[in-house]
Amino acid sequence: MSKPIITVRLITRDELPQLLALYHHLNPIDAPLPANDVLQSIWDAILHDPRLYYIVVDVDNQLVATCNLTIVPNLTRGARSYGIIENVVTHPNYRRQGLGTQVLHYALTLAWQKQCYKVMLLSGSKREETLHFYEKAGFKRGVKTGFVALSPEKL
């Protein structure tokens with residue numbers, strides 16, 4: 001049996017169905033998606049935005065882990081941007097193999113290359129194991145306090 005080929009890279013346009021399948025593991029009870037033409041239009045806008053990056057781990061041409069990085073322009077800290085990482089997920093069959101860490105390290109490296117002065121990540125998990133995973137990947141707890149406002153409409 002040959003060793004799997006593992007690649008950490010930016011996503012390609014035709015991989016949207018695989019990305020959406022991965023997102024099902026992130027939030028199985030998510031709101032329904034819009035019609036395919038609307039969804040493809042949103043996806044194309046994302047791919048053409050120079051501040052949005054979708055990072056994936058590809059194992060033998062199958063996407064098994066992902067996160068997205070947004071670079072936000074800023075007028076403080078010497079006008080240096082900051083990054084926000086969201087939607088971190090690894091397929092359950094591929095967890096505990098370091099793939100989630102690889103996707104986060106890729107995102108952090110990209111943010112530092114873009115001269116971000118910090119990168120933020122929020123997690124809804126209260127599980128110590130998950131929080132420790134983020135710490136091992138380079139994030140620190142307790143540096144700032146996170147707050148989230150949710151839309152009053154049901155999403």
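How do the residues of the lining of the second largest pocket divide into nonpolar, polar and charged?

1. The model under review is predicted. In answer to the question above, the lining of the second largest pocket comprises 18 nonpolar, four polar and three charged residues.

2. The space in this second largest pocket amounts to about 890 Å³. Its lining is made up of 25 residues, and those closest to the centre are Asn 27, Asp 30, Ala 31, Leu 33 and Asn 87.

3. As to the origin of that lining, α1 and α2 (36–47) each contribute at least two residues. The largest share belongs to α1, with six residues.

4. The largest pocket holds about 2,000 Å³ of space. Residues from several elements line it: α1 (16–26), β4 (82–90), α3 (99–113), β5 (119–121) and α4 (128–136) each give two or more. Among these elements, α4 provides the largest share of the lining, namely eight residues.

5. In total, 49 residues line the largest pocket. Nearest its centre lie Leu 121, Leu 122, Ser 123, Thr 130 and Tyr 134. Of these residues, Leu 121 falls within β5 (119–121), while Thr 130 and Tyr 134 fall within α4 (128–136).

6. The class make-up of the lining of the largest pocket is 21 nonpolar, 16 polar and twelve charged residues. For the second largest pocket, the corresponding figures are 18, four and three. The helix α1 is listed as a contributor to the lining of the largest pocket, and α1 also supplies residues to the lining of the second largest pocket.

Note on methods. Residues numbered from 1 in each chain as written. Predicted model: local features only at pLDDT ≥ 70, side-chain atom pairs only at ≥ 80, totals over all residues. Heavy atoms only, no water. 1 Å grid on protein atoms, 1.4 Å probe; cavity = no way out; pocket = protein on both sides within 12 Å on 5 of 7 lines; lining within 4 Å. Points joined across faces, edges and corners; volume = space filled by probe spheres on them. Helix = DSSP H or I, 4+ residues; strand = E, 2+ residues; numbered from the N terminus. Nonpolar A, V, L, I, M, F, W, Y, C, P; charged D, E, K, R; others polar.
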